[in-house]
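The stops below are given in the order in which to select them.

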Amino acid sequence: MKENREIVLSEQEIQDICNDFGKRLTEELKNEEKTPLFLGVMKGALNFMFDLIKRIDRPIYTDFIQISSYAGVQSTGKINLKKDFDMDIKDRTVVVVEDVVDTGISMKYLIDHLNENYQPKRIIICALFDKEYARCEDIKIDYCGKVLKENSFLVGYGLDYNELERNVPYVYIAKPEDIDRWNEEIQK
């Protein structure tokens, strides 16, 4: 099936991004007084988070937060905080690990939530994909794996369609026939 897919990031490209970010973040965080927190945005960024933190050569904390704004292939525009995290991050650097930043609405919500409720020292945004063409909010991504120039629905490597395809080890563009097949699967 892989040969019929338009792959956006291969397994090797993903690992190269993780290696690069790991080296750069290790260097950037080496003089932090408080142990930094890597905060994964569930569920899409789980695979990316797990591969990235293996490359960080210093002590770190990890935790997860879950927000949602998608239903199927469409963003609802409404942010729902489904799971907050448990750590005290006051005056601590937080590295937010995200799969895709598109409109920036979810990321702005998350940054505001962290700053208003937890007072971190600083927030570093690390995203596998940047859909900069879709940006509605002014969000700065500090570490970006790949900038996307056109609107495609991506799945694989944590990115999903109604929870399906997260386990695929690369990222590809979902075709309408894929979505039809998955909808049939969901009905079973």
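Start by selecting Val-155, which stands opposite Tyr-172 in β9. This is a predicted model, in which local features need pLDDT of at least 70 and side-chain atom pairs count only at pLDDT 80 or more, while totals for chains, interfaces and linings use all residues. Residues are numbered from 1 along each chain as its sequence is written, and side-chain values use heavy atoms, with hydrogens and water left out.

Next, show β8 together with β9 (residues 171–173): the two strands pair in the antiparallel sense over two bridges. Strands are DSSP runs of E with at least two residues, helices are runs of H or I with at least four, and both are numbered from the N terminus. Two strands pair if DSSP finds at least two bridges between them.

Angles run from 0 to 180 degrees between N-to-C directions, and axes are lines fitted to C-alpha atoms, for helices over the stretch in contact; contact means heavy atoms within 4.5 Å.

Which residues of α1 are buried? They are Ile-14, Ile-17, Cys-18, Phe-21, Gly-22, Leu-25, Thr-26 and Leu-29. Seen down the axis of α1, these residues fall within an arc of 155°, so they line one face of the helix. The arc is that of the directions from the helix axis to the C-beta atoms. Buried means under 20% relative accessible area, exposed over 50%, and partly exposed in between (1.4 Å probe, protein chains only).

Move to the loops. Between β8 and β9, select Glu-165. Its phi is near 80°, a positive value in a residue other than glycine, and at 15% relative accessibility Glu-165 counts as buried. Asp-91, in the loop between β4 (74–83) and β5, has phi near 60° and is partly exposed at 44%.

For the peptide bond, go to Met-42 and Lys-43: the bond joining them is cis, with omega about -5°. Lys-43 lies in the loop between β2 (37–42) and α2 (46–53). Most residues other than glycine have a negative phi, and most peptide bonds are trans.

Finish at Thr-103, in the loop between β5 (93–101) and α3 (105–118). Leaving aside its neighbours within four places in sequence, Thr-103 is in contact with Ala-134, Arg-135, Cys-136 and Glu-137.
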